[in-house]
Amino acid sequence: MKFEHFIDNHWEFSAKTFGPSPNRYIGVLKHLALEIEEVKRDPTDAEEWADLVHLLRATGCSGKQFVEVLEAKARKIRTREYPDWQTVSPTDPIEHKRD
């Protein structure tokens, strides 16, 4: 199954089960915070990381749009300049250099 079709199928289920996403984004953000805490407890648990992806349905976009946004963002990320990861503490974010 293509990723975009998987996203469409899952988000259809989510809308029926949890309600329309655009109206629930605050609740989704709170849920993301809870899931992040679970990832912190076990960062090797891929299922907890997957929970974060599943919650991204709050965007309200289609699977195709979501994949297009992911691809565009990846292209943008690759054009940015970043500090050497070895110079950044493992507990700090590695952000791109800003002008």
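Here is a friendly conversation about a predicted model of a protein chain.

Student: How many helices and strands does the protein chain have?

Tutor: Let's start with the order of the elements. From the N terminus on, they run α-α-α-α. The count for the protein chain is therefore zero strands and four helices.

Student: Is the protein chain a compact globule or more spread out?

Tutor: For 99 residues, the globule rule gives 13 Å. The radius of gyration of the protein chain is well over that, at 16 Å, so the chain is more spread out than a compact globule. As for its extent, the C-alpha trace spans, along its principal axes, about 45 × 30 × 25 Å.

Student: Which element has the highest mean pLDDT, and which the lowest?

Tutor: Good thing to ask of a predicted model. Over the protein chain, pLDDT averages 89, and 98% of the residues score at least 70. Among the elements, the lowest mean, 86, belongs to helix 1 (residues 3-18), and the highest, 93, to helix 4 (residues 63-79).

Student: How far apart do the centres of the positive and negative side chains lie?

Tutor: Two sets of side chains go into this. The protein chain has 18 negative and 15 positive ones. The centres of these two sets are separated by 7 Å.

Student: Is Ser14 buried or exposed, and which residues is Ser14 in contact with beyond its neighbours within four places in sequence?

Tutor: Ser14 belongs to helix 1. Its relative accessible area is 2%, and the cut-off for buried is under 20%, so Ser14 is buried. Leaving aside neighbours within four places in sequence, its contacts are Gly19 and Arg57.

Student: And Phe18: what does Phe18 touch, not counting residues up to four places away in sequence?

Tutor: Phe18 is also a residue of helix 1. Its relative accessibility is 47%, so Phe18 counts as partly exposed. Its C-alpha atom is separated by 24 Å from that of Val69, 51 residues apart along the chain. Not counting residues up to four places away in sequence, Phe18 touches Phe13, Arg24 and Arg57.

Student: How far apart in space are Gly27 and Ala58, C-alpha to C-alpha?

Tutor: Gly27 sits in helix 2 (residues 25-41), and its relative accessible area of 31% makes Gly27 partly exposed. In sequence, Gly27 and Ala58 are 31 residues apart. In space, C-alpha to C-alpha, the distance is 9.6 Å.

Student: Where does Trp85 lie, and what separates its C-alpha atom from that of Glu95?

Tutor: Trp85 is in the segment after helix 4. With a relative accessibility of 60%, and exposed meaning over 50%, Trp85 counts as exposed. Glu95 is ten residues apart from Trp85 along the chain, and their C-alpha atoms are separated by 9.9 Å.

Student: What share of the contacts with a separation of 6 or more comes from residues 24 or more positions apart?

Tutor: Here we take the contacts in the protein chain with a separation of 6 or more. Residues 24 or more positions apart account for 51%.

Conventions:
Residues numbered from 1 in each chain as written. Predicted model: local features only at pLDDT ≥ 70, side-chain atom pairs only at ≥ 80, totals over all residues. Heavy atoms only, no water. Helix = DSSP H or I, 4+ residues; strand = E, 2+ residues; numbered from the N terminus. Rg over C-alpha atoms; globule rule 2.2 N^0.38 Å. Contact = heavy atoms within 4.5 Å. Lys, Arg positive; Asp, Glu negative; His and termini not counted. Charge placed at Lys NZ, Arg CZ, Asp CG, Glu CD. pLDDT = per-residue confidence, 0-100. Buried < 20%, exposed > 50% of the residue type's maximum accessible area, 1.4 Å probe, protein only.
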